[in-house]
Amino acid sequence: MNSPLSASRSLSTGHSTFTDRALSRRTLLTSVGALGLGGLLTACGGSDDEPADGRAGASTSGGPWTFKDDRGTTVRTDSTPKRIVAFVGAAAVLHDFGIECVGVFGPTKLENGEPDPRAGGIDVNKVTILGNTYPQFNVERYAALRPDLLVAQMTDPPALWYVPEESAKKIESLAPSVGILTTKSSLTEVIDRFTELAASLGADVKSAELAADRTIFETASAHLRRAATRSSGRLKVMAISAAPDLMYVANPDDFTDLRYYKSLGVDFVTPAKLSEGGFWHQLSWENVDTYDADVILVDNRPGTLQPADLAKAEPTWARLPAVRAKQIFPWVNEERFSHAGYGPRIDSLAAALEKSKKTAA
């Protein structure tokens, strides 16, 4: 997939500048939000001499371990991997299954040192952080962790999310890797794939706690279905990401979460035109009223413009009926792919739709 942004120029959100070539292999789901990661601090936890001893749940057996990932690659090791390093979003999912990673890479800490929301329940002060922003990835520190396995999400297989192109071969030579596809797929399928991986690593995926998380997810999904298909009329919903120069309208079929919400009855704006590689229709701020919407979901990742910023900086923002009706809600674009991660998000969206109303075109 290509970056939704023009390949003819480099881009900045005020924190740092990236080239589209660096983004194009990953699309960053996202490029707007991902560009803003440049200002985050690089941090590290643990020790080079004594790496944290993360464990992949209860040991499954003393025999060989295999797992077929979403690249179609069957990974084989002599025993169940124990020392796992993962993209922070994947590590957060594994944490929900009781599996702790010895190292992570990707947005783990905010500028103020607090955990990035994408870290989920990970203790960011105890895990070794190999790089907090793309393309940072400390290969020497990675090698010092003596990794048994690297786990990352994928948006553009076979590239692994946040693994830099320039050092990918070296990184993948140090330990086997697993890639889980997280775009243009079913949300429940992605969650199931992570569940399969966690089970293979020794997690008790039938525990009472995980069963409760699944129940919350299913209950929230039923809640959203009712809210989306209410008798008073379906609301038109638009998901966006905002930058100083452009507003990006999301194509729901390209985003795993939006596709799932759509399957439950949420009536999304579907852009008539997409950038190369899909995902977005980019609009100048003079043309933000191209699509009618009763509700707007705004990408809330660090580095993107938020409603308060837009109200001050973009006069045309106030022209939108959903803005006038104060029917603007956060879109958590990079939630972790677990029932524990998405259950509350789905319920929040249902509640937002319940308190919203049709607006005049």
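## A loop with a cis proline

P135 sits in the loop between β7 and α4 (139–144). Helices and strands here are DSSP runs, H or I of at least four residues for helices and E of at least two for strands, numbered from the N terminus. The peptide bond that joins Y134 and P135 is cis, with omega about 10°.

This is a predicted model, where local features need pLDDT of at least 70, side-chain atom pairs count only at pLDDT 80 or more, and totals for chains, interfaces and linings use all residues. Residues are numbered from 1 along each chain as its sequence is written, and side-chain values use heavy atoms, with hydrogens and water left out.

## The sheet

An open sheet is formed by 5 strands. Their order is β7-β6-β5-β8-β9, and the pairing is parallel. Two strands pair if DSSP finds at least two bridges between them. The edges belong to β7 (128–129) and β9 (177–181). Each has a single partner strand, so one side of each is left without a neighbour in the sheet.

Strands β5 (residues 84–87) and β6 (residues 103–105) run parallel and are joined by 3 bridges. V85 has G103 in β6 as its bridge partner.

## Helices on the sheet

Helix α3 (residues 88–96) packs on the sheet and touches β5, β6 and β8 (149–154). Contact means heavy atoms within 4.5 Å. The direction of α3 makes about 120° with that of β5. Axes are lines fitted to C-alpha atoms, for helices over the stretch in contact, and angles run from 0 to 180 degrees between N-to-C directions.

Helix α6 (residues 187–200) also packs on the sheet. This helix touches β8 and β9, and its direction makes about 160° with that of β9.

## Aromatic rings

The structure holds 16 aromatic pairs. Rings of Phe, Tyr and Trp (its six-membered ring) pair if their centres lie within 6.5 Å. One aromatic cluster is formed by F87, F105, Y134, F137, Y142, W161 and Y162.

## Backbone in the loops

The loop between β8 and α5 (168–174) holds P158. The peptide bond from P157 to P158 is cis, with omega near 5°. Y162 lies in the loop between β8 and α5 too. Its phi is near 70°, a positive value in a residue other than glycine. Y162 counts as buried, at 3% relative accessibility.

K326 is in the loop between α10 (321–324) and β15 (328–331). K326 is not a glycine, yet has a positive phi of about 60°. At 73% relative accessibility, K326 counts as exposed. Buried means under 20% relative accessible area, exposed over 50%, and partly exposed in between (1.4 Å probe, protein chains only).

Technical notes: Rings of Phe, Tyr and Trp (its six-membered ring) pair if their centres lie within 6.5 Å; planes under 30 degrees apart count as stacked, over 60 as edge-to-face and the rest as tilted.
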